[in-house]
Amino acid sequence: MRWRFPVPVIALLACLTAVEAADVEISYPRNSDNELQGARRKGKTTTQRRLEMKKQFMFCTALAVLLGLTLAGGPVFAQQRWERNYGGADGDYGYSVQQTQDGGYIVTGSAENSDHVYLVKTNPGGDTLWTRTYGGSVADGGSSVQQTQDGGYVVAGVTGSFGNGNQVYLVKTNASGDTLWTRAYGGADWDVAYSVQQTQDTGYIVSGMTYSPGNWQVYLIKTNAGGDIAWTRTYGGANHDFGNSVRQTYDGGYVIAGSTRSFGT
């Protein structure tokens with residue numbers, strides 16, 4: 001399909017040529033005796049010509065791009081392919097989704113009115129392959145999911161069932177969603193995870209928030225491959241700060257995005 005790529009360029013040049021030709025307006029004014037005075041080109045200032053050339057170029061470029069996308073088989077406009085509903089009658093919520101190696105999807109959230117972590121695996125068409133719930137007798141929920149290098153999954157969220165109160169909850173599963181291990185992190189107050197990613201050393205980096213006396217702070221947890229803590233950090237100021245997303249950077253460090261009430265205006 002190599003021929004597809006020059007086509008938009010050819011279309012752009014053809015469009016510009018056609019528009020330029022159409023812009024040469026021929027008029028045949030008549031004198032008082034109603035006789036033709038001859039053809040003349042419509043007169044325009046240099047500024048007018050430049051503005052019109054800019055408009056012509058923008059119009060033809062947009063047309064060429066649309067043509068290229070159409071020929072390449074790509075969607076010109078976003079189109080809904082399908083939608084699915086999962087869960088029962090007690091209230092189920094999805095908070096994170098990722099496409100998996102097989103072209104399907106993995107979804108996490110909370111099930112049964114936020115009583116359990118909810119994990120749903122689908123095929124490429126969104127049909128359910130399996131579902132799993134994790135947690136204990138108190139409220140637990142999943143906020144972020146990622147497929148891991150071994151084909152399994154890691155889920156980060158919050159647990160009220162394990163640890164000291166409401167803590168960061170990390171669940172590692174195999175490819176079928178069966179639990180390999182779980183971990184709870186944090187102190188005696190509230191700790192919540194919003195994002196997880198497997199790191200280059202096959203460990204995990206988790207971001208969220210932790211409650212210190214009087215305020216919330218960004219909470220960052222680094223673990224080894226087995227979920228054991230390597231180190232933790234908190235960031236923020238005297239007011240409330242939250243870490244909603246974390247990614248490892250090319251230099252081996254980490255970047256966190258969230259919100260702050262401690263800094264800025």
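Reply: With a relative accessibility of 3%, Q167 counts as buried (buried means under 20% relative accessible area, exposed over 50% and partly exposed in between, with a 1.4 Å probe and protein chains only). The model is a predicted one, in which local features need pLDDT of at least 70 and side-chain atom pairs count only at pLDDT 80 or more, while totals for chains, interfaces and linings use all residues. Residues are numbered from 1 along each chain as its sequence is written, and side-chain values use heavy atoms, with hydrogens and water left out.

Q167 is placed in strand 9, residues 167-173 (helices, H or I with at least four residues, and strands, E with at least two, are DSSP runs numbered from the N terminus). Leaving aside residues up to four places away in sequence, Q167 touches G157, V158, T159, F162, A184, Y185, G186, G187 and D191, where contact means heavy atoms within 4.5 Å.

The setting is a protein chain with 2 helices and 16 strands. Of its 265 residues, 35% count as buried. Among contacts with a separation of 6 or more, 38% are between residues 24 or more positions apart.

Strand 5 pairs with strand 4 (residues 105-111) in the antiparallel sense over 7 bridges (two strands pair if DSSP finds at least two bridges between them). In this pairing V107 stands opposite V120. Strand 5 also runs antiparallel to strand 6 (residues 128-134), to which 6 bridges join it, and T122 stands opposite T128 there. Strand 5 and strand 6 form a hairpin with 5 residues between them, and G126 in the turn has a positive phi of about 85 degrees.

Within strand 5, L119 is buried at a relative accessible area of 0%. L119 touches I106, V107, T108, W130, T131, R132, Y134, V145, V155 and T173, not counting residues up to four places away in sequence. L119 and Y134 lie 15 residues apart in sequence, with 8.3 Å from C-alpha to C-alpha. In strand 4, S110 is likewise buried, with a relative accessible area of 2%. The contacts of S110, again without residues up to four places away in sequence, are G91, D92, Y93, Y95, H116, Y118, D140 and G141.

The largest pocket involves strand 4 and strand 5 as well. Strand 3 (93-99), strand 4 and strand 5 each give two or more residues to the lining of the largest pocket, and strand 3 gives the most, with 5 residues. On a 1 Å grid over the protein atoms alone, a cavity is a set of points where a 1.4 Å probe fits but cannot get out, and a pocket is an open set with protein on both sides within 12 Å along at least five of seven lines; lining residues have an atom within 4 Å of a point. The largest pocket has a volume of about 200 Å³ (grid points are joined across faces, edges and corners, and a volume is the space filled by probe spheres set on the points). Of its 15 lining residues, Y86, G94, V107, T108 and V120 lie nearest the centre. By class, the lining has 9 nonpolar, 5 polar and 1 charged residues (Ala, Val, Leu, Ile, Met, Phe, Trp, Tyr, Cys and Pro count as nonpolar, Asp, Glu, Lys and Arg as charged, and the others, Gly among them, as polar).

Strand 15 (residues 241-248) and strand 16 (residues 254-260) pair in the antiparallel sense over 7 bridges, and R247 has V255 in strand 16 as its bridge partner. These two strands form a hairpin with 5 residues between them, and G252 in the turn has a positive phi of about 90 degrees. T202, a residue other than glycine, has a positive phi near 70 degrees. T202 is placed in the loop between strand 11 (191-198) and strand 12 (204-212), and at 30% relative accessibility T202 counts as partly exposed.
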